[in-house]
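I opened the notebook to record a few look-ups.

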Amino acid sequence: MVKLFLLVQNRLHAIWCLTSKLDFIHKAQFVAGGYMTEAPKSITYSSVFARDSIHLAFLLAASNDVDILAADIGNAYLNADTREKVHTTLGLEFGQNFQGRTAVICKALYGLKSSGAAWRAHLASTLHDLQYHFSLADPDIWLRPNVKQNGDLYYEYVAVYVDDTLVIAEKPKQTMDCLAKSYGLKEGSVGKPTQYLGAQILEHRFLEEPQVLAWAMSSAKYVKGAVRLVEQIK
């Protein structure tokens with residue numbers, strides 16, 4: 001994550017952020033003080049797909065009778081190199097041999113203004129290598145043409161929301177395995193989506209046509225959880 005050099009440019013503070021998530025997972029993140037640097041002239045944020053786009057993605061999965069796989073890319077930003085020339089002074093947490101030394105930050109740490117854009121560009125390059133191209137209607141929906149086993153022509157899709165990905169294809173595992181070669185997918189996150197971006201994902205089959213698969217999205221679980229938290233606060 002850091003390399004030692006003598007010549008550096010912008011010095012900033014960096015801290016360790018210790019968080020405890022709602023599922024009781026504890027996480028430590030080394031966060032850079034991006035507030036100490038000037039905003040880059042280029043785009044700095046990581047765009048995400050529109051809500052309507054993900055609804056259409058599930059609709060296309062049902063219409064084309066193909067499968068969906070979801071995955072969460074772990075420590076996504078750290079896969080990309082930073083676009084900024086910054087350094088920091090190492091603290092005691094790096095060991096007595098390194099305490100007080102200057103370290104150049106070479107990865108897109110959380111907190112840097114350009115890290116979101118750097119990660120998006122990195123993932124876009126990976127998807128381009130897999131022959132995916134972004135949709136003109138929504139640049140965070142990626143597609144490529146393919147042929148189903150029955151000979152039908154169709155498009156495979158990858159929907160990206162920062163580090164949350166959905167692969168929609170007849171054989172989505174092929175694309176997911178390719179992504180796993182480039183990135184570390186969080187353990188237990190790869191599988192059919194049951195919850196995505198706060199919404200509960202449900203498979204539904206009609207009684208009249210049980211062979212037809214439909215997808216449904218529900219906010220019931222999210223709302224019940226929010227109400228429960230409010231009641232606990234009271």
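Which residues is isoleucine 168 in contact with, leaving aside its neighbours within four places in sequence? I worked from a predicted model. I listed Ala57, Ala61, Val66, Asp67, Ile68, Tyr155, Glu156 and Tyr157.

**Entry: cores**

I looked up the largest nonpolar core next. This core has 20 residues. Isoleucine 168 is among those with the most contacts inside it, along with Ile54, Phe58, Ile68, Leu166 and Trp215. H1 gives the most, with four residues.

Is valine 160 buried or exposed? I found valine 160 buried, at a relative accessible area of 5%. For tyrosine 161 I read 30% relative accessibility, and this residue counts as partly exposed.

I listed the contacts of valine 160, again leaving aside neighbours within four places in sequence. They are Val48, Phe49, Leu123, Leu127, Asp140, Trp142 and Thr165. I also checked valine 160 against valine 66. The two are 94 residues apart along the chain, and their C-alpha atoms are separated by 18 Å.

With Val48 and Leu197, Tyr161 makes a nonpolar patch of about 220 Å². Val48 is also one of the contacts of valine 160.

**Entry: salt bridges**

How many salt bridges does the count come to? I got six.

The side chains of lysine 186 and aspartate 72 meet in a salt bridge, N to O at 3.3 Å. Lysine 186 sits in the loop between helix H3 (172-182) and strand S12 (195-196), and aspartate 72 sits in strand S5, so this pair ties together parts that are 114 residues apart in sequence. Lysine 186 is partly exposed, at a relative accessible area of 30%. Aspartate 72 counts as buried, at 16% relative accessibility. The cut-off for buried is under 20%, so aspartate 72 qualifies at 16%.

Next I took aspartate 81, which forms a salt bridge with lysine 107. The closest N and O atoms are 3.2 Å apart. Aspartate 81 is in strand S6 (residues 81-89) and lysine 107 in strand S7 (residues 102-107). The partners are 26 residues apart, and I noted the pair as a link between distant parts of the chain. Lysine 107 counts as partly exposed, at 24% relative accessibility.

Last, I looked up glutamate 203 and its partner lysine 192. Their closest N and O atoms are 3.4 Å apart, in a salt bridge. Which parts does this pair tie together? Glutamate 203 lies in strand S13 (residues 199-205) and lysine 192 in the loop between H3 and S12, so the parts joined are 11 residues apart in sequence. I found glutamate 203 partly exposed, with a relative accessible area of 43%. Lysine 192 is partly exposed as well, with a relative accessible area of 43%.

Definitions and conventions: Residues are numbered from 1 along each chain as its sequence is written. This is a predicted model: local features need pLDDT of at least 70, side-chain atom pairs count only at pLDDT 80 or more; totals for chains, interfaces and linings use all residues. Side-chain values use heavy atoms; hydrogens and water are left out. Patches are made of residues with over 30% relative accessible area and no salt bridge: like charges are joined within 9 Å, nonpolar side chains (Val, Leu, Ile, Met, Phe, Trp, Tyr) within 5 Å. Accessible areas come from the Shrake-Rupley method with a 1.4 Å probe; for residues, only the protein chains shown count as cover. A salt bridge is a side-chain nitrogen of Lys or Arg within 4 Å of a carboxyl oxygen of Asp or Glu. Buried means under 20% relative accessible area, exposed over 50%, partly exposed in between (1.4 Å probe, protein chains only). Contact means heavy atoms within 4.5 Å. A nonpolar core is a set of buried Ala, Val, Leu, Ile, Met, Phe, Trp, Tyr and Cys residues joined through side-chain atoms within 4.5 Å. Helices (H or I, at least four residues) and strands (E, at least two) are DSSP runs, numbered from the N terminus.
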